Amino acid sequence: MKYKLVLPLILLVATITSGCNSKQATTAASPTTPTAYDTVLGDSRFERIRLDPDLNGYRVESGNLVGPSGVTGAMVVVKGPDNALTAFIDSDAKRGMLQTDAAGKSTFVPDIDLPFLPDDAIAQRQQSGASGGGSTSQAVNYIDALVGFTTKALAAREVDPKAFALGQLEWVNLSLRNSLVTNIELRLAGIRISEDDIPVTTAGLATWQRELNAQRSHYLHDINVGFSVGGDAAGWAYRPGNSSVNSIQGTSPFKHEMGHNVGGGHCYPNAGDNYKHGYNAGGGFTTNLCGNSRPYYSTPEVRVDGKVIGDARTADMARLWREQAGRLSGYSPEFDGVRLIYVSNQPETSAVVASVSGRPRIGVVALSSEVGPTSLTYGGPGMTTLTVKLMGEDEVARSVNLRAMRQMSNCPRTTMNSTVVCHPDADGGPVKLIIGYSVLDNSELPRGWYNGTLTLEARNDTDPNWTAPILVSLAVLR
Ligand SMILES: [Zn+2]
């Protein structure tokens, strides 16, 4: 399966400045305010294509970088709840990550350009387990990703795991949007941190797949994404499949490896005489699987600077994505509720659990009294202690104490299960669940990382028929 051809095929490096101009970029763009990253971008400016102001407490935006002579690259910017910025820049001039901390101090760390081996896609028979067949419906197919990091990778590239995971998924979403694939979206289902060294190798790929697949009944996710350091390539993936391992040192490996999971090969005819390939449009413009210089999947339906970026017979990854959407979103039943993803590098995180007009008496309860309160109460300010069994690296489940609060609109925070509404004339507004961790509540816990999930439920005191399940992903460092 794996040929150890050591070819210096450094597909990431694109030094030719293209004079191309994206029609989409100019029509869908909106100006953004000057920020710290402007100095890094030189004479290119950021033209936003998408903005999600609150993705699990984070703000995610993405778009193209446009210079005097056209599109020069792309950027994804993730802003954390502490206002720290993680900006992934992938352009002809610069490729790397600009991080700005909460105090405004900026650091740019360039990517380490690792080669995509000519055979980083490991052929795999179509898996059972996922529903097959294409999807032609207009409904959005959500592909939920469980993202794993090794502690070694996080030490090698000091990132906020949640910002990094959201940003990496956004590179694929930006590529899909650029290529007019409108009915597919990747979402973050959870984050796990592993103290094992799982390198970017075929063995590391198998390990991530085994370990994250084993968690599927808990996280209800579809794809397994590992971010690691060390190994022999920028990434490895099954083709087709639902698992990849990616170097944390790079911005662009995941959008490439994800293309392999969809079923794509590199440049025609790498995957045979068919349309399942990336495309080299010339002038430095290459799509995710065949050069990987721009966040696009090949398609004959899109032109950039007058040049078509695919071929119906040899390079139409947009078509393959649409055909494979059902499989990729079908590894788990869709979780019909609210996901909250917490990693303890942040003191707390929040998610909107309900947006109901009127004066709803909505609070959040645990499903077991061993975890926390199981009924609503008309309580006041304060916080709730939740006790959750999480798995340590020694595979022993231990009790971890968490802090849970509820906040409605801009009212003071209350206990999680309170139904208090603060303004007499308040007209609804979002109800937020806030989950946090403090070492002060966990002094007995042995040191190390603890991972797992917690299921809660939002309820409405004035409407017993209304409930919303909440699935919490937890990665806690003691
Ligand atoms: Zn590849």
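Modeller: Here is a short chat about a disulfide, some aromatic rings and one glutamate. This is a predicted model, where local features need pLDDT of at least 70, side-chain atom pairs count only at pLDDT 80 or more, and totals for chains, interfaces and linings use all residues. Residues are numbered from 1 along each chain as its sequence is written, and side-chain values use heavy atoms, with hydrogens and water left out.

Biologist: Thanks! Which cysteines does a disulfide join?

Modeller: Cys267 and Cys290, with 2.0 Å from S to S. The rule asks for a pair of cysteine sulfur atoms within 2.5 Å, and by that rule the count is one disulfide.

Biologist: Where do those two cysteines lie?

Modeller: Cys267 is in the loop between helix 7 (253–262) and strand 13 (280–282), and Cys290 is in the loop between strand 14 (285–286) and strand 15 (299–304), so the pair ties together parts 23 residues apart in sequence. Helices (H or I, at least four residues) and strands (E, at least two) are DSSP runs, numbered from the N terminus.

Biologist: Is Cys290 buried or exposed?

Modeller: Cys290 is buried, at 5% relative accessible area, while Cys267 is partly exposed at 35%. Buried means under 20% relative accessible area, exposed over 50%, and partly exposed in between (1.4 Å probe, protein chains only).

Biologist: New topic: how many aromatic pairs does the structure hold?

Modeller: Seven. Rings of Phe, Tyr and Trp (its six-membered ring) pair if their centres lie within 6.5 Å; planes under 30 degrees apart are stacked, over 60 edge-to-face and the rest tilted. One of the pairs is Phe164 with Phe227, edge-to-face at 5.1 Å centre to centre and 85° between the planes.

Biologist: And what does that pair tie together?

Modeller: Phe164 lies in helix 4 (residues 161–178) and Phe227 in strand 10 (residues 223–228), so parts 63 residues apart in sequence are tied together. Phe164 is buried at 0% relative accessibility, and Phe227 is buried at 1%.

Biologist: Last one: where does Glu457 lie?

Modeller: Glu457 lies in strand 24 (residues 449–460). Glu457 is buried, with a relative accessible area of 18%. From C-alpha to C-alpha, Glu457 and Gly337 are 9.0 Å apart in space, though 120 residues apart in sequence.
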